[in-house]
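Hi,

Here is the structure I promised to pass on. Have a look at it first, and my notes on the side chains follow below.

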Amino acid sequence: MFITLEGIEGSGKTTALPRLVNFLEGGGLACKVTREPGGTPFGRRLRSILLDPESGNIDSTAELLLYCADRVQHVRTVIQPALDAGQTVVCDRYVDATLAYQGGARGLGMDLIRAMHRLALPPLMPDVTFLFDLDPRIGLARAWAAVEDGQRHRRESRFEAEALAFHEKVRDNYLALARAEIERFVIIDASVAPDDVIQQLIDAIGPRLSTSSAGRLA
């Protein structure tokens with residue numbers, strides 16, 4: 001089974017991920033936990049560029065190509081081998097993030113990104129995607145508070161520094177993607193207490209476990 005977590009900055013998906021994995025492993029599933037960007041040694045070097053405020057205003061197409069390079073290496077050396085070995089892959093961000101951020105908010109277009117991924121990657125899509133939905137104002141406040149108290153690295157705050165309008169576009173694009181694929185997406189109300197967020201995840205994933213597959217073809 002291939003599970004992804006998506007959402008704007010500060011939505012809480014990264015915090016919820018370990019508790020979701022604990023639930024899955026408690027049910028007997030062997031999990032491979034990973035993230036984008038940065039799920040491989042090569043990807044970690046790209047992450048240090050993509051998320052560092054000192055990288056400045058990276059050209060949108062250059063940014064997209066770096067994310068695609070990260071994903072090619074990630075899918076071929078981590079995600080697909082884990083699925084082939086019968087593991088459940090739980091990934092913090094995947095292709096929907098590229099569609100929402102670079103395709104929508106950066107204005108590069110969804111069709112371009114989908115075409116690039118068809119050329120570079122096998123047509124692997126998640127079995128379920130949890131979209132942590134939250135007002136961007138709240139998300140950004142949470143994200144900056146986490147930076148200030150040391151829970152998040154300041155050197156990974158390039159996207160937090162984007163204008164509110166950018167994050168509103170990202171959220172709108174995520175919700176549009178969810179509406180277009182209602183069978184794959186589960187929208188999580190990320191504004192509630194952490195325990196309530198986890199309960200939403202558990203309630204949604206339980207019925208899917210018995211019908212899971214090792215990733216599905218797009």
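This is a predicted model: local features need pLDDT of at least 70, side-chain atom pairs count only at pLDDT 80 or more; totals for chains, interfaces and linings use all residues.

**Salt bridges**

The count comes to 13 salt bridges, taking a salt bridge as a side-chain nitrogen of Lys or Arg within 4 Å of a carboxyl oxygen of Asp or Glu. Residues are numbered from 1 along each chain as its sequence is written, and side-chain values use heavy atoms, with hydrogens and water left out.

One of the bridges joins Asp195 and Arg19, with 3.0 Å between the closest N and O atoms. Asp195 belongs to helix α8 (residues 194–209) and Arg19 to helix α1 (residues 13–26), so this pair ties together parts that are 176 residues apart in sequence. For the element names, helices (H or I, at least four residues) and strands (E, at least two) are DSSP runs, numbered from the N terminus. Arg19 counts as partly exposed, at 40% relative accessibility. On that scale buried means under 20% relative accessible area, exposed over 50%, and partly exposed in between (1.4 Å probe, protein chains only).

Glu36 and Arg71 also meet in a salt bridge, at 2.6 Å from N to O. Glu36 sits in the loop between β2 (31–35) and α2 (41–50), and Arg71 in helix α3 (residues 60–84), so parts that are 35 residues apart in sequence are tied together. Both Glu36 and Arg71 are buried.

Then there is Arg106 with Glu162, where the closest N and O atoms are 2.9 Å apart. Arg106 is buried, with a relative accessible area of 19%, while Glu162 is partly exposed at 23%. Those two also belong to a network of salt bridges that links Glu63, Arg106, Arg158 and Glu162.

**Rings**

On the aromatic side, the count comes to 5 aromatic pairs. The rule is that rings of Phe, Tyr and Trp (its six-membered ring) pair if their centres lie within 6.5 Å; planes under 30 degrees apart count as stacked, over 60 as edge-to-face and the rest as tilted.

Phe2 and Tyr94 have ring centres 5.0 Å apart and planes at 75°, so they are edge-to-face. Phe2 is in strand β1 (residues 2–7) and Tyr94 in the loop between β3 (88–92) and α4 (95–105), so the pair ties together parts that are 92 residues apart in sequence. Phe2 and Tyr94 are both buried.

Tyr101 and Tyr174 are edge-to-face too, because their centres are 6.3 Å apart and their planes are at 85°. This pair links distant parts of the chain, with Tyr101 in helix α4 and Tyr174 in helix α7 (residues 164–180), 73 residues apart.

The charged end of Arg71 sits over the ring of Tyr94, 5.4 Å from its centre, and that of Arg158 sits over the ring of Phe159 at 4.9 Å. The test is NZ of Lys or CZ of Arg within 6 Å of the ring centre and within 35 degrees of the ring normal.

**Trp144**

Last one: Trp144 is in helix α6 and is partly exposed, with a relative accessible area of 29%. Not counting residues up to four places away in sequence, Trp144 touches Arg154, Ser157, Glu160 and Ala161 (contact means heavy atoms within 4.5 Å).

Cheers
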